[in-house]
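Student: I've got a model open and want to talk through its side-chain contacts. Can we start with the terms?

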Amino acid sequence: MDLLNAMQSFRRVVELSSFNKAAAELGLSPAGIGKQVRWLEQRLNAVLLSRTTRTMRLTDTGHAYYQECCRLLDELDSLERATAADSVELSGRLRLNAPLSFSVAVLGPLLARFMAAYPQLKVELTLTDRLLDVVSEGFDLSLRVRTALPDSSLVARPLGKVEQLICAAPAYLAARGTPATPAELAQHDCLAYRLAEMPGRWALRGPEGETLVALPVRFSADNSLMLAQMLAAGAGIGTLPSFVARPLLDEGRLRTVLPGYSLAARTAYAVYPSNRHLPRKVRVLLDFLAEELPALL
């Protein structure tokens with residue numbers, strides 16, 4: 001006898017509280033349904049249903065088996081639907097949210113490649129450095145670059161590490177001098193990222209351990225690309241994420257400052273609602289980003 005058919009019959013008997021109703025729904029005779037349940041009980045060497053001429057109830061063993069039976073049948077159904085979906089080309093709309101600087105510097109070219117691979121897919125990207133509510137805003141996926149994420153019901157998948165580099169323009173350093181210790185930052189103009197966990201303060205790790213430095217902030221902004229422009233123009237000393245800083249460092253427009261000190265690295269996360277049945281379009285994009293992003297951060 002087929003085990004899966006017997007499990008499905010047993011489940012429907014329990015859910016409908018009737019052998020006759022289960023038989024009618026499944027296109028079998030009540031005797032056939034009864035035979036499947038008895039076969040299950042013999043196979044398990046346990047009584048699942050306590051039956052009289054008028055009543056039927058689950059035994060304790062039957063209740064435990066019913067719960068596990070439902071879980072296994074649901075997972076099998078999900079597997080079949082996911083496998084069937086994998087044979088269909090990705091289509092529909094993906095709603096994404098990501099920081100502006102990250103998107104312009106890194107994400108844009110990746111999304112262009114991803115969309116070229118799946119021409120039936122449409123992407124709607126919302127750019128903001130502020131944290132938006134993934135669920136209430138209706139996003140399929142939110143990308144965030146943070147040192148840590150608050151506890152929530154959301155799933156957070158790390159995609160790669162992002163260094164924070166202390167930088168200044170050569171012209172600024174020539175005019176104002178290059179600080180050798182964190183304490184010397186007090187004599188300089190500093191730029192701050194306004195949406196940082198501690199705006200206006202740097203937790204620097206160096207030879208003497210961790211030092212918390214209060215910065216004399218002359219300019220602050222909520223976007224790293226704007227900070228990069230100001231730093232390259234000689235406005236002072238500030239920090240930039242590696243994906244923004246490295247092109248400017250390679251071109252000689254910026255230089256690193258306080259090389260013996262570092263700030264805590266941030267992590268690029270993909271955040272999405274907790275869901276056992278993650279849509280295939282989201283799962284495919286997640287896997288693509290996990291493969292491609294680390295080399296670009």
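Tutor: Buried means under 20% relative accessible area, exposed means over 50%, and partly exposed lies in between (1.4 Å probe, protein chains only). This is a predicted model: local features need pLDDT of at least 70, side-chain atom pairs count only at pLDDT 80 or more, and totals for chains, interfaces and linings use all residues. Residues are numbered from 1 along each chain as its sequence is written, and side-chain values use heavy atoms, with hydrogens and water left out.

Student: Salt bridges, then. How many are there?

Tutor: The count is 18 salt bridges. The rule is a side-chain nitrogen of Lys or Arg within 4 Å of a carboxyl oxygen of Asp or Glu.

Student: Take Arg218. Which residue does Arg218 form a salt bridge with?

Tutor: Asp189, with the closest N and O atoms 3.4 Å apart. Arg218 sits in strand β11 (residues 217-221), while Asp189 is in the loop between α7 (170-176) and β8, 29 residues apart. Helices (H or I, at least four residues) and strands (E, at least two) are DSSP runs, numbered from the N terminus.

Student: Is Asp189 buried or exposed?

Tutor: Asp189 counts as buried, because its relative accessibility is 17%. Arg218 is exposed at 65%.

Student: And what does Glu197 meet in a salt bridge?

Tutor: Arg146, at 3.8 Å from N to O. Glu197 lies in the loop between β8 (190-193) and β9 (201-206) and Arg146 in strand β5 (residues 141-146), so the pair ties together parts 51 residues apart in sequence. Glu197 is partly exposed at 38%, whereas Arg146 is buried at 17%.

Student: New topic. How many aromatic pairs?

Tutor: Four. Rings of Phe, Tyr and Trp (its six-membered ring) pair if their centres lie within 6.5 Å; planes under 30 degrees apart count as stacked, over 60 as edge-to-face and the rest as tilted. Phe10 and Tyr65 make a tilted pair, with 5.6 Å between centres and 55 degrees between planes. The pair links helix α1 (residues 3-16), which holds Phe10, to helix α4 (residues 60-86), which holds Tyr65; the two are 55 residues apart.

Student: Why does Phe10 count as buried?

Tutor: Because its relative accessibility is 0%. Tyr65 is buried too, at 18%.

Student: What about Phe114 and Phe288?

Tutor: Their ring centres are 5.4 Å apart and the planes stand at 45 degrees, so the pair is tilted. Phe114 is in helix α5 (residues 100-117) and Phe288 in helix α10 (residues 280-292), 174 residues apart. Phe114 is buried at 2%, and Phe288 at 16%. With Tyr118, they form one aromatic cluster.

Student: Now the sheet. What's the strand order?

Tutor: It is an open sheet of five strands, β4-β3-β5-β14-β6, with mixed pairing. Strands pair if DSSP finds at least two bridges between them. β4 and β6 (155-162) are at the edges with a single partner strand each, so one side of each lacks a neighbour in the sheet.

Student: How many bridges join β3 to β4?

Tutor: Seven, and the two strands run parallel. Arg95 has Glu124 in β4 as its bridge partner.
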